[in-house]
Amino acid sequence: MSVKIIKSKLAGAVALAAMVNGLPALAAQSDELASSEMTAAQLQQRITELQAQVDQLAATQASSDKPVVENPEPPKTTTFGNTDIQIGGYIKLDSIFSDYSDGSAATAGIGEDFLVPSTIPIGGEGGDMHYNAHAKSTRLFFKSSTELGAGSVNTHLEIDAMAGAQGDERISNSYAQRLRHAYIDWNIDGERSLLAGQAWSTFFNVGTLPEGLDFVGPVGTVFERQPQIRYTQGLGSGKVQIAAENPATTLYNGTENPYDDNSRPDLILRYDNSIGDLNYSIASMSRELAYDHTDGSNESEQGYAISLAGKWQLGRDDLRFMYSYGNALGRYLGLNSYRGGIIDPVDGDIELIDQHGGYVALRHFWSDEWRSNLVLSATAADNPDIVSDMTPSSYQSLHLNLMYSPVPKMTLGGEYIFASKEVENLSGLLADDSGELQRLQFSVKYVF
């Protein structure tokens, strides 16, 4: 057979294989081959090379059950003019088994949905295991970012159904949405920003909160969201934040909880920085605790609090911690585990209460899909002698979980929680002055 005939047949065979297997590159090579001048030896070598490529690509296609889809997840950000809009959140189901040493359930329904330390019962008889399931923590947020001549303006609106008063379990488990975040953040430049609206309190470094299945976590964490105005300024390698935040006063022996009789906002100063693999924050707060007498006069005291928090990266693992102290921590610590002060029953003065608390948490990755968190936490209050027997004096908690993420953004896990509460019992008349909670929680969560 002549070289010309061989060339012609080879070009046709390769072109046919290219069409069948969707290989335009090989089709182009066949055209080049047919038009080139080659010796018989060169031609035979080229035939062998092309045949190997055809066989390899055909085998690859045959072994594939479905075509590869690039970027299967649609983008979450849409642009309108010079504004980017983002929608996201997560769906989460919590299945909770609770066992109380001194009761059959928490003293308030919210304590069944997540750990609220003050709702641990004391002085009763232990009941059977209690089961509760809900999807109230499911979350939805809307964000926007608009580029301006002077920096950018970002907004954040976020809602969920946790802690909502509406809804029950009789028929439809319908629950009202509540406002979590609603703020404007003007990034003036790389060093300065101004935030206005409802957001995490500046006193709370949310980045150090341990990863867990419980909605909040350790009893010793600061945890607060509230309306505020906050200015941030870069300082060296760190940044300083100054904020004026909405006040509220919680007092023992009062007729209201909280009182809304303050004359000034809570003032907070915070500094963030890092040293090597350690990111840390130091926050201080000055706040007024106040209430109005029935005669119309106002009683107030000025208090303070400090908080140190951080996250130390240990390779892939990390160690998180927080410690807070002050005579005006009150509602900021452990979901208002303690009130900020007490009204003296004799003269109506406010006596502030020294309190402290914190936690340490270790997160360890067993593999790409599996990880665990161990969290130890405790708080205590130095209550005066005029408090009632049932006034809380201390709390402790332990969280241990195992989380599995088989695909990105999905987490399945289980968490064991132990928490305890102690009260003062100054009179010694209480037969039982402590209560315990043991809880096993299973959750499924998908972030979108």
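How many helices and strands does the secondary structure of the protein come to? In this predicted model, it comes to four helices and 21 strands, taken as DSSP runs numbered from the N terminus (helices: H or I, at least four residues; strands: E, at least two). Residues are numbered from 1 along each chain as its sequence is written, and side-chain values use heavy atoms, with hydrogens and water left out. Local features need pLDDT of at least 70 and side-chain atom pairs count only at pLDDT 80 or more, while totals for chains, interfaces and linings use all residues.

Of the 448 residues, 43% are buried (under 20% relative accessible area, 1.4 Å probe, protein chains only).

Strand S15 (residues 341-343) runs antiparallel to S16 over three bridges, and Gly341 has Leu352 as its bridge partner.

Now for Asp389, in the loop between strands S18 (370-382) and S19 (392-404). Asp389 is buried but has no salt bridge (a side-chain nitrogen of Lys or Arg within 4 Å of a carboxyl oxygen of Asp or Glu). Lys421, the nearest side chain of opposite charge, is 14 Å away (Lys and Arg count as positive, Asp and Glu as negative; His and the chain ends are not counted). The Asp389 side chain does reach the backbone nitrogen of Leu426, at 3.1 Å.

Technical notes
Buried means under 20% relative accessible area, exposed over 50%, partly exposed in between (1.4 Å probe, protein chains only). A polar contact is a pair of N or O atoms within 3.5 Å; within protein, one must be able to donate a hydrogen and the other to accept it, and residues adjacent in sequence count only if both atoms are side-chain atoms. Two strands pair if DSSP finds at least two bridges between them.
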